[in-house]
Amino acid sequence: MKVEKQARYALLLAARDSEYVKKVYGGYFNVFVAAFGAEGERWDLYRVVEGEFPDMSELQNYDGFVISGSPYDAYGNDHWIIKLCFLLQSLDAMEKKVLGICFGHQILCRALGGKVGKAYTGWDIGLRKVKIVKDLPPFSFFDGLGEIPPALSIIECHQDEVWEIPLGAEVIGYSDKTGVEMFTIGGHVLGIQGHPEYSKDILYNLIDRLLNDNCIEKGFAENARSALQLAEPDRKSWEKICKIFLKGR
């Protein structure tokens, strides 16, 4: 009898758990596994922001990697950020599936030869309609949705953005705020600027923290909260896209 190999994935966590996420969800790791994981899979956590990285000899044992968001700049030169860039270059050379979320999307771009920096139009916090490029490559991650939607709503929280995609990359999603909302390379790399894993309550708490830390102004925070109450993100569709990308199903 043939025994199927257990699918194995790694979360490269580039942020520290907030008190709110620890209290409500038990940490960001649980948020990601709830969004992208499935029964019978193994998910490992590497807190790259703390200098925890997978052993290079272990990389071939993974079916895919997910890089989280972060309060750090993807264009920074902290030791762990430079080390993460080298890891992502290795995973690209191995053609391992790598999904980058927010900071993860930006650091993927940087590591593979693109350019990232401060967003020209400032903070983007709240819901954003991401327009899907119609002429998608044959390895489309949207097949599981039946018909490819013209746009999908996603939660955003960033003040940095991708300026230029790497050579060989394709932009597959954009918005009226951000030119590169999604990009892909060769079917094994997918970057998403928004947060498919976030629920609205996580963003509400994040808005409060950014306001308390004087990162955003009171009026901006109030407008972001008000706008959030008027619509819902397409979480199920985004989760399906990410699962299809990581697992081919």
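A: Helices (H or I, at least four residues) and strands (E, at least two) are DSSP runs, numbered from the N terminus. This is a predicted model, in which local features need pLDDT of at least 70 and side-chain atom pairs count only at pLDDT 80 or more, while totals for chains, interfaces and linings use all residues. Residues are numbered from 1 along each chain as its sequence is written, and side-chain values use heavy atoms, with hydrogens and water left out.

Q: At what angle do α3 and α4 pack?
A: Helix α3 (residues 79-93) packs against helix α4 (residues 103-111) at about 70°, and their axes are 9 Å apart. Angles under 35 degrees count as roughly parallel, over 145 as roughly antiparallel, 65 to 115 as roughly perpendicular and the rest as oblique. The pair α3 and α4 is therefore roughly perpendicular.

Q: Which residues of α3 and α4 meet?
A: Contact means heavy atoms within 4.5 Å. From α3, Trp80, Ile81, Ile82, Leu84, Cys85, Leu88 and Gln89 meet Phe103, Ile107, Leu108, Arg110 and Ala111 of α4.

Q: How do α5 and α6 pack?
A: Here helix α5 (residues 200-212) and helix α6 (residues 218-228) make an angle of about 175°, with axes 10 Å apart. The two, α5 and α6, are therefore roughly antiparallel. Among the residues in this contact are Leu203, Tyr204 and Ile207 in α5, and Ala221, Ala224 and Leu228 in α6.

Q: What about the largest nonpolar core?
A: In soluble globular proteins, nonpolar side chains tend to be buried together. A nonpolar core is a set of buried Ala, Val, Leu, Ile, Met, Phe, Trp, Tyr and Cys residues joined through side-chain atoms within 4.5 Å; buried means under 20% relative accessible area, exposed over 50%, partly exposed in between (1.4 Å probe, protein chains only). The largest core here has 42 residues, and Phe36, Val66, Leu99, Ile125 and Ile192 have the most contacts inside it. Apart from that core lies another, of 33 residues, including Ala14, Val48, Leu87 and Leu112.

Q: Is Gly173 buried or exposed?
A: Gly173, in strand β9 (residues 170-174), counts as buried because its relative accessibility is 0%. Leaving aside neighbours within four places in sequence, the contacts of Gly173 include Val130, Val133, Val180 and Met182. Gly173 and Pro150, 23 residues apart in sequence, are 9.9 Å apart in space, C-alpha to C-alpha.

Conventions. Axes are lines fitted to C-alpha atoms, for helices over the stretch in contact, and angles run from 0 to 180 degrees between N-to-C directions.
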